[in-house]
Structure formats: C-alpha cells, structure tokens
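Subject: Structure handover

Hello,

Here is the structure you asked about. My notes follow below it.

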Amino acid sequence: MIGELINQNLRDKRISTIASKLTGEYTVATDPVSYQKLDQVFPLHPEQQFFLDELTEEKIASARVLEIGIGSGVLSIGALRAGAIHVTALEINPRAKNYAGFNILANGLEGKIEIRDGDAIDIWKPIRGLRFDYIISNPPFEPTPQGMTQYLHSAAGIWGLDFVEAILKELDDHLTAKGHGQIVTFAPGNTQEPFMLVNIARKYLKGEVIIKVNPISIKFGEFIDRFVEREQATREKVEELKKIAQENGVSDLYLCMLHYSKGNQALTVTDTAIAYEAWLNPL
Ligand SMILES: C[S@@+](CC[C@H](N)C(=O)[O-])C[C@H]1O[C@@H](n2cnc3c(N)ncnc32)[C@H](O)[C@@H]1O
C-alpha cells in the first residue's frame with residue numbers, strides 16, 4: 001500500500017543514486033531539472049559526487065555535523081553513511097525541508113538529522129553559540145549579473161561568493177578545536193587559479209586551508225551568457241558583468257573544494273586527484 005503510494009507520487013520527481021568509497025550507494029529524490037522555479041530542490045550534479053569523494057574516514061567518524069543548506073539531504077545522508085553520528089541542518093526552502101525529510105526517512109536515518117529553519121539574512125543565526133566537529137555546505141554559488149538576486153537556490157552575487165564569504169567569516173567560531181570544514185563551490189579566477197576564493201580564504205581563515213581545484217575550468221563569460229539564452233537576464237546586464245570581470249582579471253570559473261582545520265595558518269591550492277568533467281550538467 002505505502003509502496004504504491006510512493007511509486008505514484010514520486011513519478012514526476014528525479015530519483016538519483018550516488019555512491020562513494022566511504023558512503024556506499026544510496027538514493028535520493030529531488031526535483032527534476034525541468035522544475036525551474038525559485039524553490040527547486042537541487043538535483044544531483046558532479047559537485048555532490050566531488051563532495052562525497054573528499055570525505056575522509058578519520059575526520060568524519062563520530063562527528064557531530066552542521067550542514068548549511070540541506071536541499072534534498074544528499075550530503076547530510078552521505079555524512080552519516082560515512083560515519084558521522086548526528087547532523088544539524090539549516091534550510092530556508094520549505095520544499096527542500098519536505099524532500100530532505102522524505103529522503104532521511106527512506107534512507108533509515110530519522111533521529112539522526114535535525115533540520116532547523118535557516119535565516120536568509122544571517123545564515124549563522126539559528127546555531128550561533130554552538131560548535132560542531134564537521135561543518136559542510138554546498139551553498140548558493142552561481143555568479144549572477146547585478147540585480148539578478150532571485151535565481152533558483154543559487155544566486156550569490158556577481159562572483160558567486162557572497163554566501164561562501166558569509167560562511168568563512170564565522171567558520172572558526174563554530175568549529176570544535178579539532179573540527180573540520182568542507183565547502184564545495186564554484187569560484188572565479190584567471191587561467192591559473194580561482195584567485196577570488198583564495199583571497200577570501202586568506203582574509204577570513206586563520207588556520208589551515210586546502211583548496212582542491214577541479215582542473216577543468218570553464219570560461220566565465222560563457223557561463224554568464226547562459227542567463228541570456230534562458231531569458232533570465234538581459235544581454236546588457238551580462239555584458240556589464242563581463243566588463244567587470246575583465247577589469248578584475250577574471251577569465252575562468254572553477255569547481256573547488258575548500259577544506260579547513262584549525263591550527264597554524266597555511267593555504268595550499270592543489271588540483272583534484274579526479275577530474276570532474278561536464279560539471280555544469282546534472283548527474
Ligand atoms: C546549491 S543547494 C545545495 C543543496 C544540497 N546540500 C545539495 O548538495 O544538493 C543550496 C541550498 O542552500 C539553501 N539555502 C540558501 N540560503 C540559505 C540560508 N540562508 N540558510 C540555510 N540554507 C540556505 C537553498 O535553499 C538550497 O537548498
């Protein structure tokens with residue numbers, strides 16, 4: 001009976017299976033890519049695979065985790081499957097909370113994840129004063145032309161780094177002494193490296209930072225041209241951003257993983273062991 005109901009009602013959802021060495025294989029429901037409203041529950045992309053591949057047993061085992069922006073729950077479920085003992089997750093999208101709840105239940109993890117209301121203005125507010133062993137996020141990170149503040153779950157300022165910057169500002173305050181932060185993001189840069197992410201990491205993080213960069217970059221201009229093709233921004237706004245990019249030495253966009261631990265200040269930028277291809281396309 002319940003199986004029939006689930007089959008019937010999941011027909012128009014996207015059912016995706018993902019796997020990594022630490023998590024094994026598991027399945028989640030998200031919105032289909034064709035659901036293009038502001039409250040879309042984010043479908044799986046190479047960035048979630050990248051995220052799971054970067055979890056290490058040593059750091060995630062028995063960790064109490066905070067996820068900022070749970071979406072479908074894919075990363076929180078992955079963290080628990082990899083050995084974490086509890087996740088507190090924040091989310092501002094009510095539809096995402098429903099999907100995450102369903103996926104948590106379907107994966108047998110109820111009782112291990114607490115979802116709290118996120119705060120759209122002050123992201124840390126719901127858990128200020130608390131510390132976690134492992135803080136994870138796949139935040140809104142798409143560079144978007146000026147004035148285009150409402151784009152799915154992903155608008156994050158002209159460089160796509162506004163949300164990441166807000167996370168980095170208080171990351172230290174919310175980690176336990178041996179805590180670890182892992183954030184996956186797009187980041188603009190030149191042909192050499194995602195220097196904009198490197199700069200904000202240097203500015204806010206006082207411990208050890210490792211930025212792993214997917215070696216396959218795409219052109220920043222081509223990425224923002226997509227907003228015109230999809231009629232989400234005017235040609236004029238996109239050209240304006242291309243000009244700002246040029247003035248700031250930005251030519252490429254990278255997919256990156258930022259790892260952070262407390263300790264002596266150090267910053268390393270390195271290529272990923274695996275190259276994630278076609279990383280704009282859904283899995
Ligand atoms: C790129 S999606 C990632 C979702 C999921 N973690 C994944 O990897 O598929 C970013 C998520 O952050 C959520 N979000 C945006 N602003 C937020 C805020 N201030 N506090 C908590 N979550 C937020 C969005 O609703 C969205 O679900």
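A residue is called buried if 20 or more other C-beta atoms lie within 10 Å of its own, exposed if 12 or fewer, and partly exposed in between, with C-beta atoms placed from the backbone. Helices (H or I, at least four residues) and strands (E, at least two) are DSSP runs, numbered from the N terminus. The model is a predicted one: local features need pLDDT of at least 70, side-chain atom pairs count only at pLDDT 80 or more, and totals for chains, interfaces and linings use all residues. Residue numbers start from 1 along each chain as its sequence is written.

Strand E7

Of the 15 residues of E7, 12 are buried, so this strand is largely enclosed by the rest of the structure. Two strands are said to pair if DSSP finds at least two bridges between them. E7 pairs with strand E6 (residues 132–137) in the parallel sense, over 5 bridges; here serine 137 has isoleucine 183 in E7 as its bridge partner. With E10 the pairing of E7 is antiparallel and runs over 10 bridges, and valine 184 stands opposite methionine 257 in E10.

Which residues of H7 (residues 195–204) are buried? They are Met196, Leu197 and Ala201. They lie on the same side of H7 because they cover an arc of only 135 degrees around the axis, the arc being that of the directions from the helix axis to the C-beta atoms. The buried residues of H7 pack against helix H6 (162–171) and strands E7 (175–189), E8 (208–213), E10 (252–261) and E11 (266–271).

Proline 194 is in the loop between E7 and H7. It counts as buried because it has 27 C-beta neighbours inside 10 Å. Contact means that the C-beta atoms of two residues, placed from the backbone, lie within 7 Å. Leaving out residues up to four places away in sequence, proline 194 touches Ala187, Pro188, Gly189, Val213, Tyr254 and Cys256.

Strands E4 and E5

E4 (residues 86–91) and E5 (residues 113–117) pair in the parallel sense over 5 bridges. Between them the chain crosses through helix H5 (residues 94–106), and this β-α-β crossover is right-handed (with the strands pointing away from the viewer, the path from the first strand over the helix to the second runs clockwise).

Threonine 27

Threonine 27 is in strand E2 (residues 24–30). With 14 C-beta neighbours inside 10 Å, threonine 27 counts as partly exposed.

Regards
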